[in-house]
Amino acid sequence: MSVDQATVRRIAHLARIKVNEDDVPHLQGELNAILAFVEELASVNVEGVEPMTSAMPVPMKKRADIVTDGDMADAIVANAPAVEDHFFVVPKVVE
Amino acid sequence: MNTHANPSKLIKGATGDWEVVIGMEIHAQVTSRSKLFSGASTTFGEEPNANVSLVDAAMPGMLPVINEECVAQAVRTGLGLEAKINLRSVFDRKNYFYPDLPQGYQISQYKSPIVGEGVVLVDVSPTEQIEVGIERLHLEQDAGKSLHDQSATDSFVDLNRSGVALMEIVSKPDMRSSDEARAYVSKLRTILRYIGSCDGNMEQGSLRADVNVSVRRPGGPLGTRCEIKNVNSIRFIGQAIEVEARRQIAILEDGGKIDQETRLFDPGRGETRSMRSKEEAHDYRYFPDPDLLPLEFDQGYVDRLAAELPELPDAKKARFIKDYGLPPYDAGVLVADKETADYFEAAVQHGDARRDAKLVANWITGDVAAFANSIGLSVAQTHIKPAQVAGIVDLISDGTISGKIAKDLLAIIVGEEKDGDPRAIVEARGMKQVTDAGAIAGAVDAIIAANPDKVAQAQAKPSMLGWFVGQVMKETGGKANPQAVNELLKAKLGI
Amino acid sequence: MTELTDLSLADARRALLNKEVSAVDLAKAQIAAIEQARALNAFIKETPEVALAMAADSDARIARGEAGPLEGVPLGIKDLYCTAGVQTTAASHILEGFTPAYESTVSANLWRDGAVMLGKLNLDEFAMGSSNETSYFGPVISPWRRVGSDAALVPGGSSGGSAAAVAARLCFGATATDTGGSIRQPAAFTGTVGIKPTYGRCSRWGIVAFASSLDQAGPIARTVRDAAILLRSMAGHDPKDTTSVDLPVPDYEAAVGRSIKGMKIGIPKEYRLDGMPAEIESLWSQGVEWLKAAGATIVDISLPHTRYALPAYYIVAPAEASSNLARYDGVRFGLRVPGKDIADMYESTRAAGFGKEVRRRILIGTYVLSAGYYDAYYVRAQKIRTLIKGDFESAFAAGVDAILTPATPSAAFGVGEKGSADPVEMYLNDIFTVTVNMAGLPGIAVPAGTSSEGLPLGLQLIGRAFDEETLFAAAEVIEQSAPKVSLPARWWA
Ligand SMILES: [Mg+2]
Ligand SMILES: [Zn+2]
């Protein structure tokens, strides 16, 4: 499989990465080089094989339902580019 | 499933009848102290970003750790929905960008949910019960909140809700009217509250409904559906379905076609409107969350939770019918709220006596409920004790007071004597009804003597008897035993 | 007399405990070495004040007789580990200036045991690379040079800063991470020892995620013993990482020097690639001879799905990365480039904040997860992982204790030499290491010789899950058998 330029633009938007029109052709080339590299996987017989869900098959430990965290709004917003009254501030979202 | 359209549920259009088909996705906030994957509190209404951990804010290197209580709550709920509990389920990431979604993905369960198919029995009316199939129930994270009205140019993001556990309960498209849909949500909410897995508070957003609506010709193929997002009251669910069904019918009858889309119900305008019509199709790129192992438990765990489950509304209703001889309708009304059902049982069994359950039910669902309603409380929240209801019913049953006097008695308990013992009040205030035949006979004789014309009329038209009863009751200050008055009057008037 | 910074970690620790040297003096010696080595660009952030304060505390504890297992030992921390109050960047512009309020579990374990932090080490951006050339803060230059040349060489990647710093004696050991070979390949390129432990052996909490199902923390050190000492402190179950495994941490150092007599060492035929350089081939045979001489039995084994590991990796790792890196959106931390609306802000921020290789991997990862391609790519790759793991399980079930392979297909290459035209050329560096991550197994790279150009070459040992001890024992045999190679003179100082 390979990607066309429209697909490059579509996935760049899905990934929220701005791509200049000038960059589309060589990005397309690079992505297709990678897709060509992984192409041979299509020939592997995977019939009846379970996809791996965890590298080490151990039971998942669970937490007790107690409040152990939070109450640190200052630290939560400390690295934010824009903050007001402990809210994160972003360009207006229109619904 | 409803293969044959019920004529009474059809909507009349200009070109014939239409059947509305409804399915629902309910997001129910899991009752837990801390979040699904972090130790931050789930408390409602805190300062912005106060209930946020590093995990909830998706700080680099943070990892989710699942809350065992949320898992248990989902299993309990699955059991309450008579659903298949999946001993192995998987958490997936649903990827999309939104400012109130800090990770850039929501952890949810896509391919392998914790709970599979189930069923809910829904009383639509005193005489109609339907089954609504449950497709699945899965656990997922809630998102944060964006406030858009704080500034002209910016949105403000608060992550306090981010990561709170939700159960998404997906029904099959088994509902055929707004009444059925409303009854389904009510019943689901009752079940959740019995189990204690969700407080069902729709105003605070603990229970949110996405309603899928389509219309079709009766028995015809399914139409294209629209999803009405986040409807936040049972009343609005009904209204939203009505207007959306009519909107779709109007389009179809005009020769148009329905676009599958997400819509929003505007209760003010009484209409639904398209939400994201211009937005590109979503591609959520679901894949199993590599930070979380599969969620696995054994049947023994499920059995233990099942054993600890409280009696659920359907079982309680059946028991009320069987043990107390209640009509199904009364039993259904009582069990709709667990506290009311408990109140009823406490009243019936008060003082180790067994009293007339139907009479107790009548009082609770009648006068007591009316009073509770008038002050915005549930029956169990009022100051009226089950023992007081039991006392009133006992006084009626043993003939001490009439039903009418009983209403006065309740008014006294509501008003001046909140903690009063009904029997003591009746004694102290001389409210006992007169059963003494001599005293009643005196009043009867006096009325007959004073109204010869009416006597003649009554003998011709026995329904006049009621007038005489009323006069006697008036004469005795309402305290005469109506049964005795009736009998004596009949004898003396010869009717 | 040797300089303080030339000591092994084990010797430095002994000198500290014997009060032959103070922790503050040791830290000062390293700080001076680091200052002289800025030409290597191994550090993104030097933290001399932090080091001296921690060293003073270590001296106090040593004086009180309360020394921890790493008391006073100065270390470098890969800048993928979050360090409380110290900038953590993942070598990315998008995280420049990010100062976490929290400490990663693994680095916290090191501080608990008394170690001293010298600073944050350079790496490939978000650990995506095999040469340390993708760092926003510039490439790391290897302290090694080809004989007779002063061309700048890469230290390997992504833990290139860690490997270069350890090799150049800027620290006694360093933390690193390995998603497809990022500990072992730079260790092999720089003549150091690097171990990627079993997936789940070390906590991932507080380490910036690249590909969650593959990432694993581990040390880079100058000797097998030093690596064993560091891993013991780094490893352990962490309730904050449910993929970390609740098993006791063995005394790895005790395994160093343990006999390998009677051990069965597997030689996988699929690792013998067409066109493999003769010097790699002979290095491998040499390793076989050393292990045999130490009493091990050598058996030929087959790991038939080996060739699919790297392609499958380039589906799984970018897919997970595309999702893991979605949180870098300019809202809560790091870079924000203003935009005309929220989508524009996201797109501009992420275009400016991520470098070329990271953008490329996010795009490929987004593509392979997108509707219509998920099953053909991602699910298939995860099935192939199951097959790869099955290959190893069969070998171990047949009694093999460890598997010996080359660590890299070549020695270090020059800065700017590879991957500029075709990204896949760079990816091939990890051909021998990536299978181990795909299967979640432990792997160690140990120096075993030099190339014709005088550059270090390493061998890799692969072990059973949670059997790092066998790897330390066998690696020690190779270390002891291999000819000693000395680093070029300090051209950078
Ligand atoms: Mg939904
Ligand atoms: Zn949902």
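**Close-up views of a predicted three-chain complex**

**View 1. Strands E8 and E9 of chain B, paired side by side.** In this predicted model, B:Leu147 has B:Phe156 of strand E9(B) as its bridge partner. The two strands, E8(B) and E9 (residues 154-158) of chain B, run antiparallel and are joined by 3 bridges; strands are said to pair if DSSP finds at least two bridges between them. Helices (H or I, at least four residues) and strands (E, at least two) are DSSP runs numbered from the N terminus. Residues are numbered from 1 along each chain as its sequence is written, and chains are lettered from A and ligands numbered from 1 in the order in which they are written. Local features need pLDDT of at least 70, side-chain atom pairs count only at pLDDT 80 or more, and totals for chains, interfaces and linings use all residues, while side-chain values use heavy atoms, with hydrogens and water left out.

**View 2. A sheet that includes strands of chain A and chain B.** The open sheet has 4 strands in the order E1(A)-E2(A)-E9(B)-E8(B), with antiparallel pairing. Strand E1 (83-84) of chain A and strand E8 (145-147) of chain B stand at the edges, each with a single partner strand, so one side of each is left without a neighbour in the sheet. Between the chains, E2(A) and E9(B) pair in the antiparallel sense over 4 bridges, and in E9(B) the bridge partner of A:Phe88 is B:Val157. Strands of a sheet pair through backbone hydrogen bonds, either parallel or antiparallel.

**View 3. The loop that holds A:Asp85.** A:Asp85 lies in the loop between E1 and strand E2 (87-91) of chain A. Its phi is near 45 degrees, a positive value in a residue other than glycine. Most residues other than glycine have a negative phi, and most peptide bonds are trans.

**View 4. The interface of chain A and chain B.** Here 38 residues of chain A are in contact with 49 residues of chain B, contact meaning heavy atoms within 4.5 Å. The two chains bury about 3700 Å² between them, 60% of it on carbon and sulfur atoms; buried area is the accessible area (1.4 Å probe) that two parts lose on being put together, summed over both. A:Met60, A:Arg63 and A:Asp65 supply 21% of the area that chain A buries against chain B, more than any other three residues. The rule finds 2 salt bridges across this interface, a salt bridge being a side-chain nitrogen of Lys or Arg within 4 Å of a carboxyl oxygen of Asp or Glu. B:Arg33 forms a salt bridge with A:Asp65, and their closest N and O atoms are 3.9 Å apart. Helix H1 (5-14), helix H3 (73-77) and E2 of chain A each supply at least two residues of the side of chain A that touches chain B, and the largest share, 5 residues, comes from E2(A).

**View 5. The interface of chain C and chain A.** The contact takes 66 residues from chain C and 48 residues from chain A, and the two chains bury about 5000 Å² between them, 72% of it on carbon and sulfur atoms. In chain C, the residues that lose the most area to chain A are C:Glu347, C:Leu363 and C:Arg380, together 13% of what that side buries. The rule finds 4 salt bridges across the interface of chain C and chain A. A:Glu40 forms a salt bridge with C:Arg307, in which the closest N and O atoms are 2.8 Å apart. Several helices of chain C each supply at least two residues of the side that touches chain A, among them helix H10 (306-324) and helix H13 (374-397), and the largest share, 11 residues, comes from H13(C).

View 6. The peptide bond from C:Gly157 to C:Ser158 is cis, with omega near 10 degrees. C:Ser158 is found in the loop between strand E3 (116-121) and helix H5 (160-167) of chain C. The mean pLDDT of chain C is 97, and 100% of its residues reach 70 or more; pLDDT is the predictor's confidence in each residue, from 0 to 100.
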